[in-house]
Each structure stands twice: as C-alpha cells, then as structure tokens.
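Reader: I have a structure open on my screen. Please show me how to read its features, one at a time.

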Amino acid sequence: MESSVRPLDRRERIVDLVRARRRVSVDELAESLNISRETIRRDLTELAGRRLLRKVHGGATLPELQGEGAFAVRMGERAAEKRAIARQAAQLFSPGDTLFVDTGTTTLAFAEELARRHELTVITNSLEIAQIMGRSGNGHAVYLLGGAFSEDASETLGSLAVDQIGTFHAAHAVLTVGAVNEMGLQDFNLEEAQIARAMLRQARVVTVLADDSKFEQHALFPIAPLGKINRLVTNTAPGAELSASLREAGVEMIVAAVGDD
C-alpha cells in the first residue's frame, strides 16, 4: 500500500534526497518513500521539468550547475542587446540566400527581424523560428528538421536532426553559442553543440550571434575553432586578447549599436 503523503510533500522529499545523496535510483526512492516505481518516475519527470533535478536512466541526479538556464528565462535576459544584434545580422542577408539557423534566444530575435526580408530559404531545428519565417507572408521557404523534440526550447535534437542537416548545403549558417574564447566556440549542451557543428560543416559562410556576456566564458562541449567563423555579430567588442585572436583567425567583427532604431 502506497504512502498517503501529499504529492507536494513527497516531491519535496525527493528533492531533499537527491541533494543529500547527489544521485539516487528509482528503487531507492520507492523504498524510502513507500511509493510505487511508476509514481516515482512521474514525480521525477515533473521535478525535472521544473529543473529541480536531472532525470537520468534509472534515477535522478542534481541539476546542472553550469549552463545558460531555462530558455524562457534567458529570453528576458539582455533583450536589448539581442535585439540590436538580430537587427544588424538580418541586414547581412538578401533574397535567394539559404541559411541554417540553430535554436537560441538570439537567433529567435534574429528570425523575427529576418522574416521581414523576402524570399529566403531557412533550415532550422527550432519550431518557433520555423513558424516565424513561415507565417511572415514574404515568400520564405522553410525546412524544419525532425528529431527528438525538446520542449524547453521547442527544438529538435539528436542523431535524426544531425543526419538531416547532412542532406542540405546552405550558403550560410547562423549560430548561437554558450561561450566564445581564444580556443573557439563552445556550448553547455552536448546535443545543441552537435547541431551547431553539423550546420557549420554544411555551410560556406558562418555567422555567429553572441552578446558580450559570452566572451571569455568556457563551456564543456566544443563547436569549432575561431578560424571556422567568418563573422561575429555582437553588441560590443571583446577584450584585447580575444579581439586579437579573432583578428588573427580572420573573423570579421560586426558591432551592433544597442538602442539604435
């Protein structure tokens, strides 16, 4: 017979156990709380969706401490800088251009600006970007990559999406990243890094959109060295060392004026 503890109290106890032990199995939780494994799995799904823990095979661990945060939260961060970068970047493209665009808060702002232009072809793993471009009425052709769907950022990820990227050859790839440093581009999410690497391989010109909070940061998963980038669109120039590395790598740096309409 299952415990009569309220679901809210039970989930708080699960979070406490994960924090205390750092990693717990479904079996351990079921035994500790006198709850069925099916109920524990549902609780873990709920708590993982709220980013209170990370669901792994057979149990749960502490949430990732380093990263960019939930997509909805990041949408409201540095909004003016992202909008300025997006507006500047959209001006780089003309009717007939073909673009890969990956998922990110800055590329979402970019898509809103890009949609005002005409007759572009966009290949993306972002459901929201595909909708923005497809509903614009400006003659854009849109290809939405299939794959495993991630609800947080409304994106497709995984091997299916990567394989589909390989069926396209685009003139441009427009990418967001978690970090830009002397070693190159990096990301906090393995699957998003895989998407970015695949798009980069299939494009002739690579444009990176990154606000200055990404400069001199370090993330776990490499995307590409600086020499693979053609253009960096940002809101302010990085420090002397990174600027020198970008120049040495032949990267064109485009600085957007924040607040400039």
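Reader: Is Arg116 buried or exposed?

Author: Buried means under 20% relative accessible area, exposed over 50%, and partly exposed in between, using a 1.4 Å probe and protein chains only. Arg116 has 60% relative accessibility, so Arg116 counts as exposed. Keep the source in mind: this is a predicted model, where local features need pLDDT of at least 70, side-chain atom pairs count only at pLDDT 80 or more, and totals for chains, interfaces and linings use all residues. Residues are numbered from 1 along each chain as its sequence is written, and side-chain values use heavy atoms, with hydrogens and water left out.

Reader: Which residue forms a salt bridge with Arg116?

Author: A salt bridge is a side-chain nitrogen of Lys or Arg within 4 Å of a carboxyl oxygen of Asp or Glu. Here Glu113 pairs with Arg116, and their closest N and O atoms are 3.4 Å apart. Glu113 is at 8% relative accessibility, so Glu113 counts as buried.

Reader: How many salt bridges does the rule give?

Author: The count comes to six. One of them joins Glu112 and Arg83, with the closest N and O atoms 2.6 Å apart. Glu112 lies in helix 6 (residues 105-114) and Arg83 in helix 5 (residues 79-90), so this pair ties together parts 29 residues apart in sequence. Helices are DSSP runs of H or I, at least four residues long, numbered from the N terminus.

Reader: What are the accessibilities of Glu112 and Arg83?

Author: Glu112 is partly exposed, at 33%. Arg83 is partly exposed too, at 28%. Arg83 also forms a salt bridge with Glu113, the closest N and O atoms being 3.2 Å apart. That pair links helix 5 to helix 6, 30 residues apart. Through shared partners, salt bridges join Arg83, Glu112, Glu113 and Arg116 into one network.

Reader: Now helix packing. What describes two packed helices?

Author: The angle between their axes and the distance between the axes. Axes are lines fitted to C-alpha atoms, for helices over the stretch in contact, and angles run from 0 to 180 degrees between N-to-C directions. The axes of helix 1 (residues 7-21) and helix 2 (residues 26-33) come within 11 Å and cross at roughly 125 degrees. That makes helix 1 oblique to helix 2. Under 35 degrees is roughly parallel, over 145 roughly antiparallel, 65 to 115 roughly perpendicular, and the rest oblique.

Reader: Which residues in helix 1 and helix 2 meet?

Author: Contact means heavy atoms within 4.5 Å. Arg10, Arg13, Ile14, Leu17 and Arg21 of helix 1 meet Glu28, Leu29, Ser32 and Leu33 of helix 2.

Terms used
Helix = DSSP H or I, 4+ residues; strand = E, 2+ residues; numbered from the N terminus.
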